[in-house]
Amino acid sequence: PLQSAKENLIGYPVTFYLSDGFKKVNEPFDVAIITGMGAKLISEILKESKMDNATYILGANEKQEVLREYLLNNQYEILDENVIYDGFYYVFMKVKKGTMTLSNQELHTGKYLYDKKDAKAYFTHKLNHTNELLNIVSGKRKEELEKEVVLRIKERDEWIRKYQDITNSKSYRFMMKLQKIKRFILKPFKK
């Protein structure tokens, strides 16, 4: 993976480390990308970071709500979130040290995903996946999943309502132009 990253980022002002989390990173950094693992491991890695001014791009493979809860309870602020589909849905969070508030629903859905057009397909996928699991399981786990289905339906319905409100507003075109300008990762870090 390290060699692949080096090849993909030729020409970028990037320093590479092969380390267990931040244990071997002794220099200051602006941005750290932590992806391709579970929410709990990402949380453990963040505990070791000593950089208060850095931006973190986080991409947990699963349980984004666990990662959001960790961030909330450990003085991190989610600045933005994106969902990308590439055969699988990937949720990325842009994070810095700071404070934030999240409702229970936002712990599960993200605070910023509702502003993203691609979120509808993502929330629909989550709902369908949970419904499929309901047909397989029984007992206490089935009760937990039934509660999750209710949450997923609320997520989807809230997204649809909010998106319709946005698209019906006069400022929608202006917002769409801003979305084209806005980039998830800061422009200075591009080639």
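**View A. Gln-75 counts as partly exposed, at 47% relative accessibility.** Buried means under 20% relative accessible area, exposed means over 50%, and partly exposed lies in between (1.4 Å probe, protein chains only). Gln-75 lies in the loop between helix 3 and strand 3. Its phi is positive, about 60 degrees, although Gln-75 is not a glycine. Helices (H or I, at least four residues) and strands (E, at least two) are DSSP runs, numbered from the N terminus. This is a predicted model, in which local features need pLDDT of at least 70 and side-chain atom pairs count only at pLDDT 80 or more, while totals for chains, interfaces and linings use all residues. Residues are numbered from 1 along each chain as its sequence is written, and side-chain values use heavy atoms, with hydrogens and water left out.

**View B. Lys-63 sits in the loop between strand 2 and helix 3.** Lys-63 is not a glycine, yet its phi is positive, about 55 degrees. Is this residue buried, partly exposed or exposed? Lys-63 is partly exposed, with a relative accessible area of 46%.

View C. The arc is that of the directions from the helix axis to the C-beta atoms. After helix 3 comes Gln-75, with its positive phi near 60 degrees.

**View D. Helix 2 has a buried side and an exposed face.** Which residues of helix 2 (residues 39-48) are buried? They are Ala-39, Ile-42, Ser-43, Ile-45 and Leu-46. Their arc around the axis is only 165 degrees, which puts them on the same side of helix 2. Turn to the face away from that buried side, and you find the exposed residues Lys-40 and Lys-47. What covers the buried residues of helix 2? The cover includes strand 1 (31-37), strand 2 (55-60), helix 3 (64-73) and strand 3 (76-85).

**View E. Thr-55 lies in strand 2.** Thr-55 is buried, with a relative accessible area of 8%. Contact means heavy atoms within 4.5 Å. Set aside the neighbours within four places in sequence. Thr-55 is then in contact with Asp-30, Val-31, Ala-32, Lys-94, Val-95 and Lys-96.

**View F. The aromatic pairs in this model number 9.** Rings of Phe, Tyr and Trp (its six-membered ring) pair if their centres lie within 6.5 Å; planes under 30 degrees apart count as stacked, over 60 as edge-to-face and the rest as tilted. Take Tyr-85 and Tyr-89: their ring centres are 4.6 Å apart and their planes stand at 50 degrees, so the pair is tilted. Tyr-85 counts as exposed, at 53% relative accessibility. Tyr-89 is buried, with a relative accessible area of 17%. Now take Phe-88 and Tyr-90: their ring centres are 5.3 Å apart and their planes are at 70 degrees, so this pair is edge-to-face. Phe-88 counts as partly exposed at 41% relative accessibility, and Tyr-90 counts as partly exposed at 33%.

**View G. Five aromatic residues form one cluster: Phe-22, Phe-29, Tyr-56, Tyr-70 and Tyr-76.** Which residue's charged end sits over the ring of Tyr-76? The charged end of Lys-97 does, 4.3 Å from the ring centre. A charge sits over a ring if NZ of Lys or CZ of Arg is within 6 Å of the ring centre and within 35 degrees of the ring normal.

**View H. The chain has 7 helices and 4 strands.** From the N terminus on, its elements run α-β-α-β-α-β-β-α-α-α-α. Of its 191 residues, 32% count as buried. Among contacts between residues at least 6 apart in sequence, 56% join residues at least 24 apart.

**View I. Helix 7 (residues 172-181) has the lowest mean pLDDT among the elements of the chain, 47.** pLDDT is the predictor's confidence in each residue, from 0 to 100. Helix 3 has the highest mean, 92. Over residues 172-191 the pLDDT is below 50. Beyond near neighbours in sequence, this stretch has 23 contacts in the model. Where pLDDT is low, the predicted coordinates should not be read in detail. The chain averages a pLDDT of 77, and 75% of the residues score at least 70.
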